[in-house]
Amino acid sequence: MFRGSLPALITPFKNGAVDFEALAALVEWHIAEGSHGLVPVGTTGESPTLTHEEHEQVVEAVVKAVKGRVPVVAGAGSNNTVEAIRLLKHAQKVGADAALVVTPYYNKPTQAGLIAHFRALHDASSLPIIIYNIPGRSVVDMSPETMGELAKLPRIIGVKDATGKIERVSMQRDTCGKDFIQLSGEDATALGFNAHGGTGCISVTANVAPRLCAQFQEATLAGDYALALEYQDRLMPLHTAIFIEPGLAGAKYALSRLGHCENEVRLPLLGVTDSTGAVIDAAMRHAGILN
């Protein structure tokens, strides 16, 4: 159910407020372009600067717009276990199919603390949970051994791995089992990630090039790595360009060039500079998605 290309959906703004009309249109576009699922209000969805009310409204709006056509994995992470439980219960209430829960950031729990945190979330609802392991942002790295302990819980079903360490896939297959869902959280290495046993990517680039990213994932999952490499060659400049500055700013700029949203982010982030915009434009032309 959770495999292939799942865009880490941006949250469009207009005049400082969430643009729910643009959000609904983005959902329709992604489904038409072949995205295999949607992940609202992750970091790319600007969860750090959404109010709690906005966070919940975006999840509910995406679930309603999707209408069961593809899975919705709702961002529900916090470094406050009680707050994460609240977000998890809301996601379940409005009909999300799973929750993406980041390792607690800033307070740097031990591995035992990570187990306690995720066990508390697991026991608080019946919603499947995908762990989001991103040491570069959370400053804590969940070890494969810890993940293996959590994988014993029936509703801890997978991981979004943004460690950048492709060998983690094989290590986690050993500790968590071959049925544990492993999704890449890093576009540029998604090819190698799937070769090691991954089954998809929660992708920033898929915001901008959903059809290409879906076709790339389908090629890897069919074992056609020669075709996947052709897609990788088209997409790699875009993977790089989007992340010259914070990825969500790059993705929003690119989507604004395609006419899908305003080029608007919230402080402390800024829109990309003109020089970065030019590089993104060139990468989009290389991929064949901008004239």
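Helix α9 passes helix α10 in a left-handed crossing. The model is predicted. Helix α9 also packs against helix α1, at an angle of about 40 degrees. Two charged side chains lie over ring faces: lysine 160 over tyrosine 132, and arginine 266 over phenylalanine 13.

**Helices α9 and α10**
- Helix α9 covers residues 210-221, and helix α10 covers residues 225-242.
- Their axes come within 8 Å and cross at roughly 155 degrees.
- Angles over 145 degrees count as roughly antiparallel, so α9 and α10 are roughly antiparallel to each other.
- From α9, the contact uses Leu212, Cys213, Gln215, Phe216, Ala219 and Thr220.
- From α10, the partners are Tyr225, Leu227, Ala228, Tyr231, Gln232, Arg234 and Leu235.
- By class, this contact has 9 nonpolar, 3 polar and 1 charged residues.

**Helices α1 and α9**
- Helix α1 spans residues 20-33.
- The axes of α1 and α9 are 8 Å apart, and the angle is about 40 degrees.
- That angle makes α1 oblique to α9.
- The crossing of α1 and α9 is right-handed.
- Trp29, His30, Ala32 and Glu33 of α1 meet Pro210, Arg211 and Ala214 of α9.
- The contact of α1 with α9 has 4 nonpolar, 1 polar and 2 charged residues.

**Rings and charges**
- Lysine 160 sits 4.0 Å from the ring centre of tyrosine 132, over the face.
- Arginine 266 sits over the face of phenylalanine 13, at 4.3 Å from the ring centre.
- A search of the whole structure for aromatic pairs finds 0.

Definitions and conventions
Residues are numbered from 1 along each chain as its sequence is written. This is a predicted model: local features need pLDDT of at least 70, side-chain atom pairs count only at pLDDT 80 or more; totals for chains, interfaces and linings use all residues. Side-chain values use heavy atoms; hydrogens and water are left out. Rings of Phe, Tyr and Trp (its six-membered ring) pair if their centres lie within 6.5 Å; planes under 30 degrees apart count as stacked, over 60 as edge-to-face and the rest as tilted. A charge sits over a ring if NZ of Lys or CZ of Arg is within 6 Å of the ring centre and within 35 degrees of the ring normal. Axes are lines fitted to C-alpha atoms, for helices over the stretch in contact, and angles run from 0 to 180 degrees between N-to-C directions. Helices (H or I, at least four residues) and strands (E, at least two) are DSSP runs, numbered from the N terminus. Angles under 35 degrees count as roughly parallel, over 145 as roughly antiparallel, 65 to 115 as roughly perpendicular and the rest as oblique. A crossing is left-handed if the near helix is turned anticlockwise from the far one by less than a right angle, and right-handed if clockwise. Contact means heavy atoms within 4.5 Å. Ala, Val, Leu, Ile, Met, Phe, Trp, Tyr, Cys and Pro count as nonpolar, Asp, Glu, Lys and Arg as charged, and the others, Gly among them, as polar.
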